[in-house]
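Subject: Structure for you to look at

Hi,

Here is the structure I promised to pass on. Have a look at it first, and then read my notes below.

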Amino acid sequence: MAGQSRHILAWRLLVFVAALAPILWWSYHVAIGAAGPEPGRYLLLNLGQGALILLLCTLSLTPLTRLTRWKGFSVIRRQLGLWTFGYGVLHLLCYLLFILGLNWTALGEDLQKRPYIIVGALALLILLALAVTSNRYAMRKLGKRWKPLHKAVYLVLALVLLHFLWIVRADLTEWSVYAAVALALMLLRIPTVARRLSRLGGQMRHVRA
Amino acid sequence: MLIRSRHRLSLGENDVTPESIYLSRRKFMSGVVGLGLAASLPRAALAGPDYEDVTKAKGPEWFEAQLADTRWNAITAEDKVTPFDDATHYNNFYEFGSDKSDPARYAGQLKTVPWTVAVDGEVGKPGQYALEDLITPSRFEERIYRLRCVEAWSMVIPWLGIPLADVIKRAEPTGKAKYVRFETLEDPKQMPGQASRFGLIDWPYREGLRMDEAMHPLAFLAVGMYGRVLPNQNGAPLRLVVPWKYGFKSIKSIVRVSLVESQPETSWHMLAPNEYGFYANVNPEVDHPRWSQATERRLPNSLFNPNVIDTLPFNGYAEEVAGLYQGMDLRKFY
């Protein structure tokens with residue numbers, strides 16, 4: 001039992017390092033001047049894309065758990081959710097610092113006029129609510145309401161994809177890939193599909209045993 | 001010749017000013033105004049400018065021959081010229097992909113020699129012209145122009161080429177010619193972005209100008225930049241440069257110039273008419289629906305200095321071009 005929890009700890013640490021690594025990599029690129037003529041935008045776009053990838057990773061954990069019955073996937077769910085939020089916050093900071101140059105009037109205008117900014121801000125606000133209620137204390141306090149609250153992550157996914165769609169200018173290839181993955185992850189949550197996935201997971205376990 | 005404006009636009013005088021006077025003037029100027037301005041002043045009378053860290057490249061023979069007789073600094077800007085590496089590795093050229101680094105990565109395979117340009121429509125001398133035949137009757141000029149992208153960033157580029165008006169005049173437009181329509185090469189084998197299945201642009205890329213805009217002395221056809229032949233990712237071997245309009249008007253790798261009677265369809269306008277107008281004059285007062293056009297990020301910038309500056313009407317060329325649009329509602333004709 002002690003051995004297993006040490007494994008889990010190592011796994012959690014590995015996930016932590018893997019989620020942190022891109023930020024270090026991009027920072028390094030900026031530091032050595034390899035991020036192009038607009039390093040702020042480079043960070044902005046990478047962090048935004050990173051947040052979306054992390055969100056999709058987070059949402060893949062439940063189907064993966066059903067399929068593999070491996071506990072490891074469920075123990076990193078909160079961590080990946082928090083990483084998603086963290087990337088989102090950094091993405092927002094890049095926008096405020098490097099795109100707006102901390103011009104608050106421009107921020108006010110964007111928040112009134114630009115649908116993709118509004119949608120992005122809304123997604124981040126929901127993620128904030130999920131992040132602050134992700135600890136044990138909040139779970140106990142919220143009781144039965146915790147689960148429906150955290151289902152709002154699906155709304156976040158939709159908002160983030162919309163936010164991305166509205167900044168596309170000439171080519172939808174990249175967006176389509178993310179949208180397809182998102183759609184697949186949602187389909188895997190349809191009760192009958194989810195049940196089949198669990199059954200498949202059970203059979204695989206049986207075969208392995 | 002152009003009307004001189006005291007502030008932002010100055011004509012190079014190295015053809016007429018004796019070198020000693022010019023040198024002392026330069027010394028005086030750099031002492032007073034500092035590095036930013038000095039960098040844009042005329043450098044050498046004959047040898048051409050010496051921009052830092054430019055990747056050398058040899059153009060076709062006709063290009064190199066023409067280069068020797070260039071009017072350097074024919075038009076300059078007070079702004080500091082963008083480093084060559086940034087101007088060549090941060091491009092919107094969707095024919096090669098939608099990422100800004102895609103053009104530098106994939107444009108190398110474009111074959112630019114030989115290059116033929118079709119000149120047709122309402123002209124007395126239609127035909128398929130070899131690029132050199134189109135260009136060499138005019139003397140090369142170097143023009144340092146600000147380039148304002150519709151995405152709210154900007155650069156300052158020293159172009160090499162000839163006035164667009166020269167080419168149009170030589171084609172002998174008929175009385176019916178009211179607009180000029182341009183077309184980029186369409187060849188998905190050489191241009192991987194055109195092969196994308198989720199691309200939104202209807203190829204070939206198309207642009208257009210009203211006749212008086214096209215004949216304006218600032219409208220320019222570039223075949224080179226930074227004292228060398230155009231890199232492929234910047235629109236080799238022939239591109240338009242219209243400095244008072246958003247960058248997407250300055251169509252690249254041109255294969256057809258048509259003089260036409262009615263306003264031509266243009267690519268971005270076809271894709272999103274509410275976002276991109278036919279005129280696309282730089283205008284801080286008319287926002288793009290998705291972002292403000294009031295300011296721009298002058299590149300390169302850094303994390304500590306986003307370099308956000310005010311966008312000027314007509315990209316700072318209002319004195320020269322505002323007259324073209326007198327009486328027009330620029331909110332309507334954006």
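One term before I start: the bend at a residue is the angle between two fitted axes, one through the seven residues ending there and one through the seven starting there. Also keep in mind that this is a predicted model.

With that in hand, go to helix H2 of chain A. H2(A) bends by about 30° at Leu61(A), and there is a proline, Pro63(A), within the four residues that follow. How far apart are the end C-alpha atoms of H2(A)? They are 41 Å apart. The helix covers residues 39-68, and at 1.5 Å a residue its 30 residues should span 44 Å, so the two values agree.

Now chain B. This chain has 334 residues, of which 45% count as buried. Its secondary structure comes to ten helices and 14 strands. If you take the contacts in chain B with a separation of 6 or more, 72% of them are between residues 24 or more positions apart.

- Towards S12(B) (residues 254-260), S7(B) is joined by six bridges, and the two run antiparallel. Here Phe182(B) stands opposite Val257(B).
- Towards S8(B), S7(B) is joined by five bridges, again antiparallel. Here Arg181(B) stands opposite Gly208(B).

Is S8(B) mostly covered or mostly open? Mostly covered: this strand takes in residues 206-210, and four of its five residues are buried.

Last, the place where the chains meet. On the chain B side 22 residues are in contact with 18 residues of chain A. Sorted by class, the chain B side has twelve nonpolar, seven polar and three charged residues.

That's what I have for now.

Cheers

Note on methods
Residues are numbered from 1 along each chain as its sequence is written. Chains are lettered from A and ligands numbered from 1 in the order in which they are written. This is a predicted model: local features need pLDDT of at least 70, side-chain atom pairs count only at pLDDT 80 or more; totals for chains, interfaces and linings use all residues. Two residues are in contact if their C-beta atoms, placed from the backbone, lie within 7 Å. Ala, Val, Leu, Ile, Met, Phe, Trp, Tyr, Cys and Pro count as nonpolar, Asp, Glu, Lys and Arg as charged, and the others, Gly among them, as polar. The expected span of a helix is 1.5 Å times one less than its number of residues. A residue is buried if 20 or more other C-beta atoms lie within 10 Å of its own, exposed if 12 or fewer, and partly exposed in between; C-beta atoms are placed from the backbone. Two strands pair if DSSP finds at least two bridges between them.
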